[in-house]
Amino acid sequence: MSETRDCRPINLALQGGGAHGAYTWGVLDKLFEDGRVSLEGISGTSAGAMNAVVAVHGWMLGGADRAREALWDFWRAVSLAARNSPIQRSPWDVLTGTWNLDTSPSYLTFDILSRMVSPYELNPLNINPLRDLLLRQVDFERVTSCDEIKLFISATNVRTGRVKVFNRHELTADMVMASACLPFMFQAVEIDGEAYWDGGYIGNPALFPLAYECISRDVVIVQINPIERAEVPRSARDILNRVNEISFNAALMKELRAVNFVGRLIEEGHLDADRYKQLLIHRIDAEEELKPLGASSKMNAEWEFLKLLHDIGQRAAETWLDETFHRLGRESSIDVRALFE
């Protein structure tokens, strides 16, 4: 990273969210560019896992600048590949300036089919162009040899319903694809005889590896899925969007509750602060800008949309650094306790 007077180590927790992962790209881009923080560990799920492995791959090629280049190249490749997808915005979506696909005939057809026919029937050959793209963009030998940034990728074990965390020493493309495997779209990814689905169902992302395996107490959650909404959804589409958000935040909320519980026990002297780590929780989000985007926009990989999300992420990270950097290593910048009151 660039020369700084004070560079503080942090751990990143990167949520999944399909194309909305371009927001996380923007956050990473700004963190690498700014240089005030260094990354000790990254826990990623789904699109967060993609961002994590691409960033580590680039880091191994040449530090922060190459990490930024690798992330740009990856998302550009995603947008180019999406040009051939039948799922595109409708002319009405384009005319009204929405990035959602709610009136796209191809999206609606696919959405209905995915609820009636399994991916084993729709895609019996199990073709997934994203896997080939990932292999072209990431050298996994470089990723597994990285000793500077710890890497944790979460997936859901289909049989047991438990989270499986893959670390960088064993990481393969299949493990990353398992972390991003939405069961209505893709066949479960099999690894060592076990089947896995998207990690978002049980760890979006998992925080416990950062607590157990990393020294830094600062955990920065890059939030894609809004936790709260003021309004109650009324339309079928809005209800589905809110269910999606709640489902993919559920595991994170449980871990934050545990973090809060341990923190209170340490503060009250019931746990030995020398034996138990009190995590300092931070969050980079842009809820007001991301809230208008429905679940369908997570399948929109147009370059203009990805760049918009990237720019939102950059601004959010810049604001967070300016407002929160002085609190790193000292205290949490969000009131975790208030989330459960």
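## Aromatic cluster

Trp 25, Trp 72, Phe 74, Trp 75 and Trp 303 are joined into a cluster by ring pairs. The model is a predicted one, and its aromatic pairs number 10. One of them is the pair of Trp 72 and Trp 303, which is edge-to-face, with 5.2 Å centre to centre and 75 degrees between the planes. Trp 72 belongs to helix α2 (residues 47-82) and Trp 303 to helix α12 (residues 303-324), so this pair ties together parts that are 231 residues apart in sequence.

Trp 72 is partly exposed, at a relative accessible area of 36%. Trp 303 has a relative accessible area of 16% and counts as buried because the cut-off is under 20%.

## Tyr 201 and Phe 248

Tyr 201 and Phe 248 also form an aromatic pair, this one tilted: the planes are 45 degrees apart and the distance is 5.1 Å centre to centre. Tyr 201 is in the loop between β6 (194-198) and α9 (208-213), while Phe 248 is in helix α10 (residues 236-267), so the pair ties together parts that are 47 residues apart in sequence. Phe 248 is buried, at 12% relative accessibility, whereas Tyr 201 is partly exposed, at 33% relative accessible area.

## Nonpolar surface patch

Tyr 201 is also part of a nonpolar patch on the surface, together with Val 158, Phe 184, Trp 197 and Ile 202. The accessible area of these residues together is about 420 Å². Phe 184 sits in the loop between α8 (173-179) and β5 (189-191). With a relative accessible area of 54%, Phe 184 is classed as exposed because the cut-off is over 50%.

## Arginines over Phe 325

Two arginines lie over the face of Phe 325. Arg 8 is at 4.4 Å from the ring centre, and Arg 36 is at 5.6 Å from the ring centre.

## Helix α1

Helix α1 (residues 21-34) has 14 residues, which at 1.5 Å a residue should span 20 Å. Gly 35 follows α1 and has a positive phi, near 85 degrees.

Of the 14 residues of α1, 12 are buried, so the helix is largely enclosed by the rest of the structure. The buried residues include Trp 25, which is also a member of the aromatic cluster.

Conventions
Residues are numbered from 1 along each chain as its sequence is written. This is a predicted model: local features need pLDDT of at least 70, side-chain atom pairs count only at pLDDT 80 or more; totals for chains, interfaces and linings use all residues. Side-chain values use heavy atoms; hydrogens and water are left out. Patches are made of residues with over 30% relative accessible area and no salt bridge: like charges are joined within 9 Å, nonpolar side chains (Val, Leu, Ile, Met, Phe, Trp, Tyr) within 5 Å. Accessible areas come from the Shrake-Rupley method with a 1.4 Å probe; for residues, only the protein chains shown count as cover. A salt bridge is a side-chain nitrogen of Lys or Arg within 4 Å of a carboxyl oxygen of Asp or Glu. Helices (H or I, at least four residues) and strands (E, at least two) are DSSP runs, numbered from the N terminus. Buried means under 20% relative accessible area, exposed over 50%, partly exposed in between (1.4 Å probe, protein chains only). Rings of Phe, Tyr and Trp (its six-membered ring) pair if their centres lie within 6.5 Å; planes under 30 degrees apart count as stacked, over 60 as edge-to-face and the rest as tilted. A charge sits over a ring if NZ of Lys or CZ of Arg is within 6 Å of the ring centre and within 35 degrees of the ring normal. The expected span of a helix is 1.5 Å times one less than its number of residues.
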